[in-house]
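Colleague: Please take me closely through one part of this model, the pockets and the helices around them. I would like one connected account, with the cut-offs stated.

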Amino acid sequence: KVVKTSLERTLDIGSTFYGDKWKETIKSAYSPETSQEERLRIPDIDAPTRIALLWGASNSGDSEGFKTLSKRYASTTDFGTIASIACSPLCSSAILHEIGTGIAKENGYGYILRIVGRNNNTGEETLKQIAEDPKLDKRYTEVAKTSLEHGTKKANNLM
């Protein structure tokens with residue numbers, strides 16, 4: 001109920017800047033009831049729309065739609081979009097590897113390494129490359145190390 005109320009208020013505020021059509025586009029992109037075909041036709045005009053598309057596909061269990069969207073957006077520099085891809089249980093190990101060994105290691109994106117380290121689909125090689133990177137702060141390597149040594153359930157309990 002809190003998430004639904006927060007989302008609705010955020011969309012109301014956004015619609016005062018971007019219009020009611022923007023709000024309806026976000027709602028349609030995010031809705032688990034939106035079909036894959038319809039979702040993939042929604043224009044990704046901005047980061048909030050891309051994020052809503054990813055979360056809608058993920059929350060509806062649409063693995064094919066999510067795969068299409070995550071491939072489409074994996075090379076973006078938008079933090080929220082990358083984080084939305086990396087935290088989905090539908091994200092492939094290949095995309096997690098691309099993110100975890102690429103942009104997430106760049107300055108300002110490190111928190112995404114913690115997200116990648118918590119995803120059950122992250123491959124062992126990706127986790128090793130994060131955990132053993134001497135250039136990364138401990139706060140970014142500790143989740144990958146914990147996942148390697150004790151599994152993602154234990155890693156998800158790290159602060």
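Modeller: The largest pocket holds about 230 Å³ of space. A pocket here is found on a 1 Å grid over the protein atoms alone, as an open set of points where a 1.4 Å probe fits, with protein on both sides within 12 Å along at least five of seven lines. Grid points are joined across faces, edges and corners, and a volume is the space filled by probe spheres set on the points. This is a predicted model, in which local features need pLDDT of at least 70 and side-chain atom pairs count only at pLDDT 80 or more, while totals for chains, interfaces and linings use all residues. Residues are numbered from 1 along each chain as its sequence is written, and side-chain values use heavy atoms, with hydrogens and water left out.

Lining residues are those with an atom within 4 Å of a point. For the largest pocket they are Val3, Leu7, Thr10, Leu11, Trp22, Ile26, Tyr30, Pro48, Ile51, Ala52 and Trp55. Two or more of these residues come from each of helix 1 (2–18), helix 2 (20–30) and helix 4 (47–59). Helices are DSSP runs (H or I, at least four residues), numbered from the N terminus. By class, this lining has 10 nonpolar residues, one polar and no charged. In that count Ala, Val, Leu, Ile, Met, Phe, Trp, Tyr, Cys and Pro are nonpolar, Asp, Glu, Lys and Arg are charged, and the others, Gly among them, are polar.

The second largest pocket has a volume of about 190 Å³. Around it are Val3, Lys4, Leu7, Glu8, Leu11, Lys27, Tyr30, Ser31, Pro32 and Glu33. Helix 1 and helix 2 are the elements that each give two or more residues to this lining, and helix 1 gives the most, with five. The lining of the second largest pocket divides into five nonpolar, one polar and four charged residues.

Next, the two helices themselves. The axes of helix 1 and helix 2 come within 7 Å and cross at roughly 145°. Axes are lines fitted to C-alpha atoms, for helices over the stretch in contact, and angles run from 0 to 180 degrees between N-to-C directions. On the helix 1 side, Leu7, Glu8, Leu11, Asp12, Gly14, Ser15 and Tyr18 meet Asp20, Trp22, Lys23, Ile26, Lys27 and Tyr30 of helix 2. This contact (heavy atoms within 4.5 Å) involves six nonpolar, two polar and five charged residues.

Within helix 2, Trp22, Lys23, Thr25, Ile26, Ser28 and Ala29 are buried. Buried means under 20% relative accessible area, exposed over 50%, and partly exposed in between (1.4 Å probe, protein chains only). Helix 1, helix 3 (36–41) and helix 4 are among what covers these buried residues.

Leaving out residues up to four places away in sequence, Val116 touches Ala86, Leu96, Ile99, Gly100, Thr122, Thr126 and Ile130.

Gly61 counts as partly exposed because its relative accessibility is 48%. The C-alpha atoms of Gly61 and Gly80 are separated by 20 Å, with the two residues 19 apart along the chain.
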